[in-house]
2 protein chains.
Amino acid sequence: MKKYSEMSPEELEAEKELLRKEYVAWQAKGLKLDMSRGKPSVEQLNLSMPLFDILDGKSLMKCMNGVETRNYGQLEGIVEAQHLMAEIMDCQPEQVIVCGNSSLNIMFDTVARGYMFGFDGCTPWCKLERVKWLCPVPGYDRHFAITQHFGFDMINIPMNEDGPDMDVVEGLVAADDTIKGIWCVPKYSNPQGIVYSDEVVRRMANLKPAAKDFRVFWDNAYAVHHLYKEKSKILNILHECEEADNPNLVFEFASTSKITFAGGGIAAIACNHNNREELKKTLTVQTIGFDKINMLRHARYFQDVESVSKHMERHAKILRPKFELVIKTMEEDLTGPGCGSWISPKGGYFITFEAPKGTATRIVDLAAEAGVKLTPAGAPFPYHMDPGDSIIRFAPSLPPIEELEEAAKIFTVCARIAYLEKLILAKAE
Amino acid sequence: MKKYSEMSPEELEAEKELLRKEYVAWQAKGLKLDMSRGKPSVEQLNLSMPLFDILDGKSLMKCMNGVETRNYGQLEGIVEAQHLMAEIMDCQPEQVIVCGNSSLNIMFDTVARGYMFGFDGCTPWCKLERVKWLCPVPGYDRHFAITQHFGFDMINIPMNEDGPDMDVVEGLVAADDTIKGIWCVPKYSNPQGIVYSDEVVRRMANLKPAAKDFRVFWDNAYAVHHLYKEKSKILNILHECEEADNPNLVFEFASTSKITFAGGGIAAIACNHNNREELKKTLTVQTIGFDKINMLRHARYFQDVESVSKHMERHAKILRPKFELVIKTMEEDLTGPGCGSWISPKGGYFITFEAPKGTATRIVDLAAEAGVKLTPAGAPFPYHMDPGDSIIRFAPSLPPIEELEEAAKIFTVCARIAYLEKLILAKAE
């Protein structure tokens, strides 16, 4: 097939006419498909139903060191849940505080802690004229929503194939003490599925920030969320920070939301001793303790080292065909015309489509009018502003595969139409 | 028996000698009893074990309006949990946001919201030179810990038999716009067990604060926690605030921590529409949603209107004898000597002993040395400073009744010794 960019105006018009017909036919079906959020499917949720058989009316409710899970106390979480979350995060149990149901909530609270009370004896951020935050882009919209809510200036950091551009990060944090943090999703990043290389992790751990209270927010959301047998590994950031004599640099986060139940699992923060003691000063005022019963349920369900891994393979078996279907549809429909590009992720929850510049918003709108809800264009950027208007996040997990097939088809039709419109307009000028 | 205050120095010494012997005998037993925190007993926790039979591996996990409880979303909580918490708080379901496991955490977050982002368009409290907070005393130590953590100036408000002294409250809030809030436990107050009268609730709802962002923090922690068939009632504060044309004045809080499991239940905030929409602006950034599965478990367990009430009667059956035992021991041992005073609460979790002035710290120390851990003297006051050194909070719920019997006996011995010491010292001067 001829690339669109090599087509004559007449050829472009003819191709557009063809695709318009296909588009109208899809519209006529009156579909209603949602690819907008990284939610697990019902089939995936069903995998964890045995969790509800773990505790019954006759269960022993004390945890392994004798703590009663049904009563107040144990601020750091029960010891077996600390072990489980440490295993998922590849860190030490004593570095972990197991909290409630949402790692996003812990991240918000940790930013809020810096804002209200400060880290490491520094001025609380609420008392400063200006706070800046580094945002590798494209990234997770809900991270950016947090730093926007606090009124921080968000600075876009380009993503390379192996993580954020560390030349840029190093230069900025060394020069500017109003930069207080960076958002990172180090494994199977949201939305590109990028895995940080050892070099990137080491350079992150070795940052020399001008601000003593600069912190790396390490959202290890997809630590065990592999799509394939070959599992990507990243270096242990807490260990690397210690090696780099930078032990206070990082807060790591994870949850079981995409292991067991989304919003019904357990979440945790891991950090070094000093950070931990500092967090606990606020935590001990904020709550008498988190839900230890759900911790017990999870820890008893995932008893041995291998059980998390086996469980995640079951997820992968459901997710893999969905990812592959979308990639295959893109390859079949978009490679020929030379329309955009994409990465085939090895894990995580998203596929990023990089559309021809200036067409992302149009693609999302076209898809919406044909009944396919995509994540809004711009969403993976601070202030929802994609400078190139080209990044679209595709979330293939939630819909059943037959719906996904339709959605992917509609999507590639929309992508091609938008690209054709762009080329036609360019030729006309 | 002769009142201690009427005894001669010789009589006082003789009585003290007698009690000292008794005290040493108790010490010799090497007991280790904890009456310091309002924790439910194991017997009470066992009442709710059937909760774990509500969901199993085959349960339907959608709630009544079709929302999938195992996936993200539904920021306000599932509708049946809103109904349950509204029933407990005696308000409307649409006024309720059901959150995580801890009402204290919601209170902290609500104060933090005012501190970071402000209420009602007012300057966030973190930007102000000074913030003051009204603290009816004695009160709940963990409330005071929150406002102390934020660095607010806490002002003691005297408690009358029917609630806070409203003359004082009205005068202060009308005159000083740096006063931003008041802590209230309106029913079976912590620690005195006081129930706010209709007049107090109405005057609270009709406050005319100088600060537009002044808020009443209405911790309805013991809303259904009656010890007797005769149930104390309070007016619905949300309704009264609306009647008073003061709809934004109040945030109400409650949890099932002392209904089902302490730290393993569900918690909620209730407020009017404007406050609710304002809270949601932050909540929607802070989390993708709270644990809806535990909400579903609770809502299905307490299906009909009467089931909460019946469940609480089972709690009362366990708690009542404990409260009565402590009161009876105080009556038997302390009425004669005229040593201190106390209120017999009709609900809640505490008994307050008002010791002779200047003896509370001594009593707590004496008890500790005899193996009985009491809430530290001063704890029910801001900054842990009891101006009269006379208030002791007694928490009878946790220990088994035979331990409680010993603890109460030891307690009255300590109270009498401390009083005798005081009288002997006074006579000597």
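**Notes on the interface and the sheets**

1. Between chain A and chain B an area of about 4900 Å² is buried, and carbon and sulfur atoms give 56% of that area; buried area here is the accessible area (1.4 Å probe) that two parts lose on being put together, summed over both. This is a predicted model, in which local features need pLDDT of at least 70 and side-chain atom pairs count only at pLDDT 80 or more, while totals for chains, interfaces and linings use all residues. Residues are numbered from 1 along each chain as its sequence is written, chains are lettered from A and ligands numbered from 1 in the order in which they are written, and side-chain values use heavy atoms, with hydrogens and water left out.

2. The contact (heavy atoms within 4.5 Å) draws 58 residues from chain A and 58 residues from chain B. There are zero salt bridges between chain A and chain B, a salt bridge being a side-chain nitrogen of Lys or Arg within 4 Å of a carboxyl oxygen of Asp or Glu.

3. On the side of chain A that touches chain B, two or more residues each come from helix 2 (42–47), helix 4 (103–116), helix 5 (141–149), helix 9 (273–286) and helix 10 (292–301) of chain A; helices (H or I, at least four residues) and strands (E, at least two) are DSSP runs, numbered from the N terminus. Helix 4 of chain A gives the most to this side, with seven residues.

4. In chain A, eight strands make up an open sheet of mixed pairing in the order 2-9-8-7-6-3-4-5, where two strands pair if DSSP finds at least two bridges between them. Strand 2 (96–98) and strand 5 (163–164) of chain A are the edge strands, each pairing on one side only. Within this sheet, strand 6 (residues 179–184) and strand 7 (residues 215–219) of chain A run parallel and are joined by four bridges, and A:G181 has A:R215 in strand 7 of chain A as its bridge partner.

5. A second open sheet in chain A has three strands in the order 10-11-13, with antiparallel pairing. Strand 10 (341–342) and strand 13 (391–394) of chain A each have a single partner strand, so one side of each is left without a neighbour in the sheet. Strand 10 and strand 11 (residues 351–354) of chain A pair over two bridges in the antiparallel sense, and A:S341 stands opposite A:E354 in strand 11 of chain A.
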